[in-house]
Amino acid sequence: MPRSWSAAPATTLAGGVWRPAERRWVGEFTAVGYFFARALRQHVDVPIGLIDSTWGGSRIEAWMSAPSLGLGEAELRGVLARERERGRENLQAIAARSGGLPERDPGLVDGRAVWAEPGLDEAAWLDIEVPALWETAGWEGMDGVAWYRTGFELTAAEAAAGARLSLGTIDDSDTAWVNGRRIGGLESAWNRPRLYDLPPGALTAGRNVVAVRVVDTGGGGGIYGDPVAVWVEASGRRQPLAGRWRFRVGQATVNLADRKRELPAVLYNQMIHPLQPYPLAGVLWYQGESNAGPADAHHYRELFPALIHDWRAGWGEPGMPFLFAQLASFMPPPSRPVESSWAVLRESQAAALALPATAQAVLIDAGDAADVHPRDKQTVGERLALAARGVAYGEELVHSGPVYRGHRVRGERVVIDFDHAAGGLVARGGGAPRGFAVAGEDRRFVWAEAAIEGERVAVWSRSVPRPVAVRYAWADNPAGANLYNRAGLPAAPFRTDGWPVEPPPEPPPEPPD
């Protein structure tokens, strides 16, 4: 189905076509859906059809009906009117800051990159922090073309030897020049690092000028990511290039369509409501990253079951199977126990298991620290297929990893009981279970030791003699967590406390001697 939206519930789809699962078509289809259907087809004696109704980067509110959100028609119209006005204001602000909105990029003249020339007068250019999406630097909502410039110094020997330039990641496409010479570029590669070799003929002793033309077609734009990934290296000497660069807009628009994926009800109206006369065997739900901020993650606990009830009522199927993917791991793993809004979002997702005919695929072992869209779609699809076999097709099989059931404090140890642990628990890779943290009444968590005791796990730390709370895999990226059941499925993240997810207060200073 095409990405589309409507201010009111639609009765017909905006488009869409059935395709056979053949080589020429599957590459453009949802990879999770394809691997799900392929795995399920091996166990279910009927062809599997999938409807792909998705829009990347969307919030859950966009997929809920206005009544389920407590919104009337007039209120929804007001939201959309304010969004249109916001778009106009953003465009006016961009025009004011950039000195106008040219129809063509003045940085390119008949194919010549005039804004890449090393002697260019930059007086009309503005400063911008690199790396950072330009939306976070005052260019909210802008799509289009922008140019970046900076410089670096080389000795004569370094210039003669050549160098290497790293620009980190760029959303979406780039072309890069050094001293007016084109040295590389990637198209539609928002999550790929830019590493460009600089031949000696492109370099000079003294100051060298870098120019980068960035094209953004939607969502965030610009040079972004980790500052340590922006550098130039010559003769073994690496110079950091993160910091203040010069910046100028070449072309700009405000893409109001992209914002629709964040607004309440508008995707439901056009991409879900028209489907409801169509009978389904179940729903696969893979969303949550856009609601994983600190202000949103706990509220998801209310929104997600409301969406499930909403869709089941729309289809007239109160027991329609609803299978969901927990957030995969993302961002660097922590060196010590920390608070995590991603962990809270996973907890909010898991709370929906209280509803009948639901199941989750835990994916903390299938993520990518550097990419919010991990490439391992096969694991996701196959775990959802296991869930479908158990929930939608009634097979007797283990389709869930271990899930926290309860705990008991026994002196210095906390003993954790699990569901879905028949046959005993295992630590993948051998050794002891990892990923546990324990805290006392001061609410300060430390990494804990752990031992498997059949279908239970004992947790302790010598620095917490009177433990009161345990957490497992409580992080954006709990990379070390290794607890599984005998079916090879990972344990779900959990916490035994209900404390507010915020840093604990600092301890009082030590009294002077």
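Mentor: Before we open this predicted model, keep one definition in mind: Ala, Val, Leu, Ile, Met, Phe, Trp, Tyr, Cys and Pro count as nonpolar, Asp, Glu, Lys and Arg as charged, and the others, Gly among them, as polar.

Trainee: Which helix gives the largest share of the lining of the second largest pocket?

Mentor: That share belongs to α2, with 5 residues, and both α1 (23-26) and α2 (31-41) supply at least two residues each.

Trainee: Let me turn to strands: in which sense do β5 and β8 pair, parallel or antiparallel?

Mentor: In general, strands of a sheet pair through backbone hydrogen bonds, either parallel or antiparallel. Strand β5 (residues 163-171) is joined to β8 by 6 bridges in the antiparallel sense, and you can find the place by looking for A163, which stands opposite L198 in β8.

Trainee: What is the order of the strands in the open sheet of 3 strands?

Mentor: The order is β14-β15-β16, and the pairing is parallel. Its edge strands, each pairing on one side only, are β14 (283-285) and β16 (358-361), and neighbouring strands of this sheet are turned against each other by 20° on average, if direction is ignored. Between β15 (residues 322-325) and β16 there are 4 bridges in the parallel sense, and A325 has A361 of β16 as its bridge partner. Helix α9 (residues 377-391) packs on the sheet and touches β14, β15 and β16, while its direction makes about 155° with that of β15.

Trainee: How many residues of helix α8 are buried?

Mentor: In α8 (residues 341-350), 9 of the 10 residues are buried, and the helix is mostly covered; among the buried ones are W342, V344, L345 and R346. These buried residues pack against α7 (300-315), β15 and β26 (494-495).

Trainee: Where should I look for a cis peptide bond?

Mentor: Read the omega angle along the backbone: a cis bond with omega about 0° joins V130 and P131, and P131 lies in the loop between β3 (126-130) and β4 (142-154). The bond from D171 to D172 is also cis, with omega near 0°, and D172 is in the loop between β5 and β6 (173-178).

Trainee: Finally, what is the phi of S235, and is this residue buried or exposed?

Mentor: S235 has a positive phi of about 50° although it is not a glycine, and its place is in the loop between β11 (230-234) and β12 (237-240). Because exposed means over 50% relative accessible area, S235 counts as exposed at 54%. M331, also a residue other than glycine, has a positive phi near 75° and is found in the loop between β15 and α8, where M331 counts as partly exposed at 27% relative accessibility.

Technical notes
Residues are numbered from 1 along each chain as its sequence is written. This is a predicted model: local features need pLDDT of at least 70, side-chain atom pairs count only at pLDDT 80 or more; totals for chains, interfaces and linings use all residues. Side-chain values use heavy atoms; hydrogens and water are left out. Two strands pair if DSSP finds at least two bridges between them. Axes are lines fitted to C-alpha atoms, for helices over the stretch in contact, and angles run from 0 to 180 degrees between N-to-C directions. Contact means heavy atoms within 4.5 Å. Buried means under 20% relative accessible area, exposed over 50%, partly exposed in between (1.4 Å probe, protein chains only).
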